[in-house]
Amino acid sequence: MAIHLQIVEHPADVALAAAQHVCAQIRERSDAVLGLATGSTPEATYAELVRNHRAGTLSFARVRSVNLDEYRGLDGLHEQSYRYYMRQHLFDQVDMLPWNALLLDGTAVDGAAECRAYEERIRALGGVDLWMLGIGGNGHIAFNEPGSSRESRTRCVALAPETIADNSRLFAVPAEVPRQAYTAGIATIMEARRILLLATGAHKAAAVAAALHGEVGAHCPASFLRGHADCTFVIDRQAASQLPGV
Ligand code: GLP
């Protein structure tokens, strides 16, 4: 159950390779259920998918999607909400049908009910075919911060101080950075039939090395991916720079 490792030269090559995996999935099943991620890493991958769509070689008309996470308290019109991000980078740029895109509602009045319903909706879709992930500098996946268990499900979490600091660059004033988020759990993600983790840059090298070669455990949530039957890491040279023998 080793993780497939695809090391490429530059971030642009990560985007090309990741887009190829997504295109292959949609070609295999036009109504594929895609798990999607936000953050700066997958932006170039979405741009590549949009390019394929505009070239007429890729349609999202039957694709369904679920997203990893959402900040608590932000509605979809907030420019830093993940719903806004997804519309900006993918949904509004391709022929995706709005009702086929499932995201957690950051403004849900009953957060626990929202999380339960999310799990049920993913189940009703028949599960996720391919879930694309990024990785946090502290080894988090989605917003499963260090300390998250292998059995965790969709829930509301407190963000780690380093995640709040990382994300503060995106907000006008630090006080605006959300302290909590809704996130799919590690067990939720691990149920996907295939997983694709993307990482670029030297600032991800330690997290990538810990995920692939450190002890498996909650201190590094991405390390749990080593227990998945079909997981591929697509990373650039810099993100691979702390791997033994690379
Ligand atoms: C956020 C997201 C994660 C993402 C991580 C890394 O915390 N919730 O899903 O993987 O950031 O983001 P970036 O790609 O910007 O480094």
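Analyst: Contact here means heavy atoms within 4.5 Å. Helices (H or I, at least four residues) and strands (E, at least two) are DSSP runs, numbered from the N terminus. The model is predicted, so local features need pLDDT of at least 70 and side-chain atom pairs count only at pLDDT 80 or more, while totals for chains, interfaces and linings use all residues. Residues are numbered from 1 along each chain as its sequence is written, and side-chain values use heavy atoms, leaving out hydrogens and water.

User: Which residues are buried in helix α3?

Analyst: Buried means under 20% relative accessible area, exposed over 50%, and partly exposed in between (1.4 Å probe, protein chains only). In α3, residues 82–89, the ones that count as buried are Y82, Y85, M86 and H89.

User: What arc do the buried residues of α3 fall within?

Analyst: The arc is taken from the directions that run from the helix axis to the C-beta atoms. Buried residues in α3 line one face of the helix, because down its axis they fall within an arc of 95°.

User: And what covers the buried residues of α3?

Analyst: Contacts tell us this one. The cover includes helix α2 (43–54). It also takes in the strands β2 (33–36), β3 and β4 (69–71).

User: How far does helix α4 reach from its first C-alpha to its last?

Analyst: The expected span is 1.5 Å times one less than the number of residues. Helix α4 covers residues 111–124, which is 14 residues, and the reach comes out close to the expected 20 Å. From first C-alpha to last, α4 reaches 20 Å.

User: Why do the buried residues of α4 sit on the same side?

Analyst: The buried ones are G111, E114, C115, Y118, E119 and I122. They share a side of α4 because the arc they cover around the axis is only 135°.

User: Which residues are exposed on the other side of α4?

Analyst: The buried residues of α4 pack against several elements, including β6 (130–133), β7 (155–158) and α6 (186–190). Away from them, on the other side, the exposed residues are R116, R123 and A124.

User: Which residue just after α4 takes a positive phi?

Analyst: Look just past the end of α4 for a phi of about 90°. The residue there is G126.

User: Is S65 buried or exposed?

Analyst: S65 is in strand β3. Setting aside residues up to four places away in sequence, S65 touches L34, L36, F91, M96, N100, A101 and L102. Because its relative accessibility is 1%, S65 counts as buried.

User: How much of the ligand does the protein bury?

Analyst: A residue is near a molecule if one of its heavy atoms lies within 4 Å of it, and those around the ligand include G39, D69, H140 and R169. A polar contact is a pair of N or O atoms within 3.5 Å, and an oxygen atom of the ligand is 2.6 Å from a side-chain N or O atom of K204, while a polar side-chain atom of T41 lies 2.5 Å from a ligand oxygen. Areas come from the Shrake-Rupley method with a 1.4 Å probe. Alone, the ligand exposes 390 Å², and the share that the protein buries is 92%.

User: What is the phi of A142 near?

Analyst: A142 is one of the residues around the ligand and lies in the loop between β6 and β7. At 8% relative accessibility, A142 counts as buried. Its phi is positive although the residue is not glycine, with a value near 55°.

Note on methods
Polar contact = N/O pair within 3.5 Å; in protein donor to acceptor, adjacent residues only side chain to side chain.
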